[in-house]
Amino acid sequence: MITKIIMPFSLRYLFPLLCISVIFSVAGFAQESLVVLPESFVLGSKGAEQQLLLEKRQGDRYVGEAREGDVWGSSDPQVVNIVGNRAIAVGDGTSTLTGVWRGQTATTQAHVRGSSEALAWEFRRHILPVLAKQGCNAGSCHGAEGGKGGFKLSLLGYDPLTDHWALTREARGRRIELGDPGRSLVLAKPSGGVAHKGGLRFEVDSPDYRVLAEWIMAGAAPPDENDPKLVSVKVLPEQSTLHPGDEQQLIVTAYYSDGRQEDVTRWARFSTADATVANTSSDGLVSVIGHGQGAIVVWFSSRVVLAQITSPYDYEVDADLFAEAPERNFIDTLVLEQLASLNLAPSPPAGDAEFLRRIYLDTIGTLPTLEETNAFLNNRHPGDGDMEDRGETEADDSEQTARDVGGFQKRDHLIDTLLDREEFVDYWSYKWSDLLLVNGRRLRPKAVKSYYQWIRQQVEKNTPWDEMVRQIITATGDSHNNGETNFYALHQTPEDLTENVCLAFLGLSIGCAKCHDHPLEKWTNDQYYAMANLFARLRSKGWGGDSRSGEGLRTLYSATEGDLVQPRTGKPQPPAPLDAEPLPFEDKRDRRFALAHWLTSPENPYFSRAIVNRVWANFFGVGLVEPIDDLRISNPPSNGKLLDALAAWLVDNDFDIKALVRLILQSETYQRSSRSLDANQADRRFHSRYYPRRLMAEVLHDAIGQVTEVPGKFTRIASDGGGSEETKEYPEGTRAIELYDSAVVAPFLKTFGRNERNITCECERSNTPSLVQILHINNGDTMNKRLQDENSCIAKAIASGDDDEAVLEKAFLRTLSRRPQAEEKEELLKFLQGANEEDRRGLIEDLYWGIMSSREFLFNH
């Protein structure tokens, strides 16, 4: 095993890493045992049931269900009887339940309490889950906005009181018959006794029919505010390692405030988060169909939990490879742990040339210059000519993979240099301008400039992310002198502010909760309007003047009175951030300060994860969660341990974004080669290698300008009415990454997917290839006219008197940050040599065009 270099960090991170380090050497030798799930449970009434599973386990991993030939027994059938694999409560006491499979046994303890009482069906706890499971209150049926057939229910049961009234009182109560439940329309229609456009939902002898019938027979009791509340939902097994062809049954348990727990598997709704890995039936039977890491999303009564499925790839990988792979920090440890669990081999470290070009483009959005490239490849810092020359040759510039201490120091020095560059400020100011929607189509010119300048100042000062967001949330003053107030000019209603704050800073889309409880998350309609009420007292004045005069001024302030009425209830909700205690209505202080405190709190589980995911996606092309602004529970990360560790690290390091960038750049994970191996070709999410991706529009535009040495011109800006007008805000030589206003007219940027900054969504930027993009590269002015310009790099190369070999080498270094390989050099010199002076310029133009239209130039890798 090679010596690993680990940067100093707190024991909080070191201890888990020491524990993890043994996984690679012992995972293959863990003994397989048999366990029963759940490992213990309580049945709270006579007749209550619990499904049982026999699971195979290796170490702390569940590796499959023992499904065929299992036999069950109870030590006391007077306490618990077993039918099939279901435990049924008979009388109070404790019974040991034993499962037998292929000669192995496992046991669980079942406790029965309250058997003197039969289970009473409750509207909130049982009836609504039955309706949700059968799809009766789904958006495609009676849960639609207008209902179906004159019968409307709240979507997935978010409004129990209204649903009970609709079932028992609406239409003169004809939907239930207390004296003869079988004649109730709520039973007769879904069971096929009466014509039903929704079709057959359950049989007359089914458990769901029985639940509804017995509830009606008992008087169809309504929900009560004193009913036990749902506290939590758990799924078992929570994590499984399986293989294509395997099946795994899930069981779901609900826990209530009165201490009762119930097996609610039959009423839970199951879906898959990645259909390429595993599918699931409606009753929770998982079928593994592919390799990778997937998850089954389990929904019950507006609570969502996940069952993670790991399906290792069937590559042949030596286990020692993971233990011997270089590690720089905890990122590498956690990535390697996952690669080992998935049987994906890590690619080797990138060579210097590959690393150099990659880090420049990812960190400052700019190619290294010819001088910077030569200095780095020759192992000298720019300006430090007296440093020891490692003697690398042209042939091995792109293959150098030395990882000794000197190699780390060389790359660390480059990282620190880039983080201190002005272009770092330009690039990240542009990134945050995308997020915060700096857009002249929606703001006045002076407001646009003020907003951008404020953002740039924060990046330049390296303002901690939590402080920067606090300043936005609590902003007051005029739009010219307090640039952060323009966030409120873009989002002016309490509802819009709620949704955009959650999306931009928490990665949560809660717009569905505006009309009803979120169908896939825990957020309720009440929570939505409670948070929106935090913005209800915001006021503004001003904004006069012509739209392009730039003289309009808007002043933002907070009033001491005012509340937002919730449409469903006709009254305001007590103002409160999501998952936080409400503020008193009578409190006259600016409510946004309470929001800012909750939002940026280290205890907020969403805030640090959201920004970590955005920064990670910048450097790897994919977020740990994809899409990067969709951090809902039902959209799990590709590496949850890593996301949690990075979020905790950021909190411990005072939300220092630049420090987070440095941590990522120093990792072996980031410095891994983009070249795939036979044993990781299928990987697209787990970082066994660096994933090549097309340069974003602005960076590509600037790279073309930098190579050709012909600067861009941005002289027009979109105006009201769909036209454009001249602007002098951007002098010649302004790079695309310095265009602070997305209203600047730039056909190349638009074609290559620039973020138009109309809505808070990463989907505004596109990397989708198109025929128009090909035409731009092949025939467009952006590249061709610049190469033909009399002041271009071509003209300068000819004027310098460089011979063909020097021209060729500089072309490669300027565009690809590497020297040509021997085969390339041989073939291209044949192309250049022997040309007369009249043809030579055209040949050099063709050389540059050929390189710059290649995938190697257009992509970062």
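The model is predicted: local features need pLDDT of at least 70, side-chain atom pairs count only at pLDDT 80 or more, and totals for chains, interfaces and linings use all residues. Residues are numbered from 1 along each chain as its sequence is written, and side-chain values use heavy atoms, with hydrogens and water left out.

**Terms for the sheets**

- Strands (E, at least two residues) and helices (H or I, at least four) are DSSP runs, numbered from the N terminus.
- Two strands pair if DSSP finds at least two bridges between them.
- Strands of a sheet pair through backbone hydrogen bonds, either parallel or antiparallel.

**Sheet β3-β8-β7**

- This open sheet has 3 strands in the order β3-β8-β7, with antiparallel pairing.
- β3 (49-51) and β7 (80-83) are at the edges with a single partner strand each, so one side of each has no neighbour in the sheet.
- The twist averages 25 degrees from one strand to the next, where axes are lines fitted to C-alpha atoms (for helices over the stretch in contact) and angles run from 0 to 180 degrees between N-to-C directions.
- 4 bridges link β7 to β8 (residues 86-89) in the antiparallel sense.
- Ile82 has Ala87 in β8 as its bridge partner.

**Sheet β13-β18-β17**

- Another open sheet of 3 strands runs in the order β13-β18-β17, and its pairing is antiparallel.
- Its edge strands, β13 (247-249) and β17 (278-280), each pair on one side only.
- Here the twist averages 20 degrees from one strand to the next.
- β13 and β18 (residues 285-288) run antiparallel and are joined by 3 bridges.
- Gln248 stands opposite Val286 in β18.

**Nonpolar cores**

- A nonpolar core is a set of buried Ala, Val, Leu, Ile, Met, Phe, Trp, Tyr and Cys residues joined through side-chain atoms within 4.5 Å.
- Buried means under 20% relative accessible area, exposed over 50%, and partly exposed in between (1.4 Å probe, protein chains only).
- The largest core has 148 residues, and Trp432 and Phe857 are among those with the most contacts inside it.
- Beyond neighbours within four places in sequence, Trp432 is in contact (heavy atoms within 4.5 Å) with residues including Trp465, Met468 and Val615.
- Another core lies apart, with 44 residues, including Phe123 and Val305.

**Thr760**

- Thr760 sits in the loop between α23 (747-751) and α24 (771-779).
- Thr760 is buried, at 7% relative accessible area.
- Not counting residues up to four places away in sequence, Thr760 touches Leu435, Leu437, His491, Asn500, Leu503 and Ala504.
- The side chains of Thr760 and Asn500 make a polar contact (2.7 Å).
- A polar contact is a pair of N or O atoms within 3.5 Å; within protein, one must be able to donate a hydrogen and the other to accept it, and residues adjacent in sequence count only if both atoms are side-chain atoms.
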